[in-house]
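Here are my notes on the model you sent. Please read them with the structure open.

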Amino acid sequence: MAAQRRNLMQSHQSWTDDLPLCQMCGVGTAPNCVYSPDGKGTQSHPNEDGHFRFRGEDGCFLYGVFNGYDGSRVASFVSQCLTAELLLGQLNSNHTDSDVRRILTQAFDVVEKSYFETIDDALAEKAHLSNFVLPLNELSPQSQKMQERLKELEQEVSGGATAVVALILNNKLYIANVGTNRALLCKSSSDGQNQVLQIGRPHSTDNEDELQRLAALGVDIARVRQAGQIAGQSSTRRLGDYRVKFNYNEIDLLSAAKTRPIIAEPEIHGSQSLDSVTGFLLLMSEGIINALESAHGPDQANQEIVAMVAAELALQTSLEAVAQSVVERVKRLHHDVYVSGRQRATYCSRHEDMTLLIRTLNYPLADGVLTPTQGGRIYPVSVPYSNSQSTSKTSVTLSLVMPSQSTLTNGTNTASTLEEGTPTPGSQSPTATLQSTNTQTQSSSSSSGDGSLFRQRGSQAAQPDETGRVPPYVDFSIFYRLWGSDHSDGQSTQGGLGPQ
């Protein structure tokens, strides 16, 4: 029986291997890290996150980010089997919103039940051996072997995962969330404003709706608030984790529950039409969220990550590079806060696995080959950065020059409404501006880099000159002068290196 279930899992994996990957998506990852006092980092356990990004039939796209804990088994299983439950003919363009929500909910239920079936035999053996365990001071060689086997079985069946899944069908977005991962939708309006929308709230011990759900089952939520965690995790919804699903009456905080308190039922948001939407969708594991919030506090985390993504979209030529660059920026920022010894350094001694998935929605990507006069990308001209501390209401502003090029709608080229050709002096280039109205007590920076690299500019993008160029935002004048003095051999450097 166990072999049949393993074969079932492997068959799901082979099915998903045949599905085409979505090319309008990029994923960045980083392993967990613990810092020593001198700032050196070491990985404390194998990576436990997972993700998928598939393009199905009939204009269907499926994306997911999974945060595993106590091993990667559940995250791996769910990422394989959930795809098989959704993209093998279950969804089509004729389905209504209620149909889609029902299919998503059923898929999560079926996948978790399938997972528990794969560990049924191990759970049964574990329960059987537990009846014969003797006290440690009375262990015989046979009992020691039984103890070792119990540890192996516990490692095999333990662990769980949280999940955030995005489905695009008929150009409408659905988000299904279980646990503490996050989905952000960034929409650029016609006036250049970037609206950042967090879709749903994390299912955690800080979520009042979830606490009231637990209270209705008889759980003492005052104790849950005080503990902040349930069986080692802050999530109140999870996939897998047999301890809180089958043995919850043996867990002190949950022992009074009338029925299973920790569930895998997804909270589904949508549909949201993506017609005429320009922007991008972000799916993030809990690790990257916590790393950024640990470094800068939770107030501006969403705005900061969106600003980083928008900046990298203007610089990189592939979505994979964009996602990985943003993850590296968060990782570096988290590390720099730790080694700085500043107030928040105590929150940054470690971080968990980080996964960021970016799906663009008619959003242009930098073209490192074409010049602006060839219809390519005009690079960013303003990335305001401030090291000053402020206690007032601030705005995080990011001004970008957008390209004049064709756009993509779910894989289909559509003609751009912008006129192709050489930019003319005085013409207004579209800008993307991210604004936050949250009050913060820290820097209003939207960049983790060194602010001294950027010239201070206003929030409006500079205009191209008659050649179609814009002023550089990194000042190389000193470099040109020093290089010229070293290589002039006593002759004039006029006409040498430097902007002409």
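1. Of the contacts with a separation of 6 or more, 73% are between residues 24 or more positions apart. Keep in mind that this is a predicted model.

2. Next, the overall make-up. The chain has 500 residues, and 49% of them are buried. Its secondary structure consists of twelve helices and 17 strands.

3. Helix 9 covers residues 286-296 and helix 11 covers residues 319-340. Their axes come within 9 Å and cross at roughly 40°. An angle of 65 to 115 degrees would count as roughly perpendicular, and one under 35 degrees as roughly parallel. Helix 9 and helix 11 are therefore oblique to each other. The crossing of helix 9 with helix 11 is left-handed.

4. Which residues make the contact between these helices? Helix 9 supplies Ile-288, Ala-291, Leu-292, Ser-294, Ala-295 and His-296. Helix 11 supplies Val-327, Val-330, Leu-333, His-334 and Val-337. By type, the contact of helix 9 with helix 11 has eight nonpolar residues, three polar and no charged.

5. Now the aromatic rings. The whole structure holds seven aromatic pairs. One of them is Tyr-35 with Tyr-338: the ring centres are 5.2 Å apart and the planes lie at 25°. Planes under 30 degrees apart count as stacked, so this pair is stacked. Tyr-35 sits in strand 2 (residues 33-35), while Tyr-338 belongs to helix 11. Tyr-35 and Tyr-338 are both buried.

6. A second pair is Phe-116 with Phe-246. Here the ring centres are 4.8 Å apart, and the planes are at 65°. That makes the pair edge-to-face, because the cut-off is over 60 degrees. Phe-116 is in helix 3 (residues 97-118) and Phe-246 is in helix 8 (residues 242-246). The pair therefore ties together parts that are 130 residues apart in sequence.

7. Are the two phenylalanines buried or exposed? Phe-116 has 7% relative accessibility, so it counts as buried. Phe-246 has a relative accessible area of 40%, so it is partly exposed. The cut-offs are under 20% for buried and over 50% for exposed.

8. Finally, check the surroundings of that pair. Phe-116 and Phe-246 form one aromatic cluster with Phe-77 and Tyr-115.

Note on methods. Residues are numbered from 1 along each chain as its sequence is written. This is a predicted model: local features need pLDDT of at least 70, side-chain atom pairs count only at pLDDT 80 or more; totals for chains, interfaces and linings use all residues. Side-chain values use heavy atoms; hydrogens and water are left out. Axes are lines fitted to C-alpha atoms, for helices over the stretch in contact, and angles run from 0 to 180 degrees between N-to-C directions. Helices (H or I, at least four residues) and strands (E, at least two) are DSSP runs, numbered from the N terminus. Angles under 35 degrees count as roughly parallel, over 145 as roughly antiparallel, 65 to 115 as roughly perpendicular and the rest as oblique. A crossing is left-handed if the near helix is turned anticlockwise from the far one by less than a right angle, and right-handed if clockwise. Contact means heavy atoms within 4.5 Å. Ala, Val, Leu, Ile, Met, Phe, Trp, Tyr, Cys and Pro count as nonpolar, Asp, Glu, Lys and Arg as charged, and the others, Gly among them, as polar. Rings of Phe, Tyr and Trp (its six-membered ring) pair if their centres lie within 6.5 Å; planes under 30 degrees apart count as stacked, over 60 as edge-to-face and the rest as tilted. Buried means under 20% relative accessible area, exposed over 50%, partly exposed in between (1.4 Å probe, protein chains only).
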